[in-house]
Amino acid sequence: MIIYRSDDVLKDHRKKNIDSGFDGTIIHFQSEEQNINQSITITRGSELGEKDTWKPIDWTYNLMGILVGGTDNQFQDAKRFNDEVSE
């Protein structure tokens with residue numbers, strides 16, 4: 001079993017881009033003897049407030065980004081995380 005954390009996998013990407021707030025973990029199970037090769041992706045849910053502020057940034061993203069179509073940067077970071085771990 002290998003555990004991948006988005007903070008570790010996306011650290012170089014986040015140095016160059018605005019942090020979307022995405023946070024996730026992928027647990028990979030692999031055993032050639034048991035013919036297992038699968039992963040489980042766990043994403044963090046919305047939070048009431050962000051790290052050092054009372055502002056509900058994540059909820060603003062949920063409303064404006066997803067429902068209105070303003071941005072999909074959390075989805076793109078989740079996709080990038082999944083793609084990089086899957087490689």
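Helices (H or I, at least four residues) and strands (E, at least two) are DSSP runs, numbered from the N terminus. The model is predicted, so local features need pLDDT of at least 70 and side-chain atom pairs count only at pLDDT 80 or more, while totals for chains, interfaces and linings use all residues. Residues are numbered from 1 along each chain as its sequence is written, and side-chain values use heavy atoms, with hydrogens and water left out.

Ile-27 belongs to strand S2, which covers residues 24-31. Ile-27 counts as buried because its relative accessibility is 17%, where buried means under 20% relative accessible area, exposed over 50%, and partly exposed in between (1.4 Å probe, protein chains only). Leaving aside residues up to four places away in sequence, Ile-27 touches Met-1, Ile-2, Ile-3, Gln-38, Ser-39, Ile-40 and Ile-42; contact means heavy atoms within 4.5 Å. One of these, Gln-38, is 11 residues from Ile-27 in sequence, with 8.5 Å between their C-alpha atoms.

The sheet comes next. Its 3 strands are arranged in the order S1-S2-S3, forming an open sheet with antiparallel pairing. Each edge strand, S1 (2-5) and S3 (36-43), pairs on one side only. From one strand to the next the twist averages 15°. Two strands pair if DSSP finds at least two bridges between them. S1 and S2 have 4 bridges in the antiparallel sense, and Ile-2 has His-28 of S2 as its bridge partner. S2 and S3, also antiparallel, are joined by 8 bridges; Gly-24 has Thr-43 of S3 as its bridge partner. The two strands S2 and S3 make a hairpin with 4 residues between them, and Asn-35 in the turn has a positive phi of about 55°.

Helix H4 lies across S1, S2 and S3 and runs at about 20° to S2. Axes are lines fitted to C-alpha atoms, for helices over the stretch in contact, and angles run from 0 to 180 degrees between N-to-C directions. H4 (residues 73-86) has 14 residues and spans 20 Å from its first C-alpha to its last, close to the 20 Å expected at 1.5 Å a residue; the expected span is 1.5 Å times one less than the number of residues.

Which residues of H4 are buried? They are Gln-74, Asp-77, Phe-81 and Val-85. These residues lie on the same side of H4 because they cover an arc of only 65° around the axis, the arc being that of the directions from the helix axis to the C-beta atoms. An α-helix has 3.6 residues a turn, so residues three or four places apart point the same way. On the face of H4 turned away from its buried side are the exposed residues Phe-75 and Ser-86.
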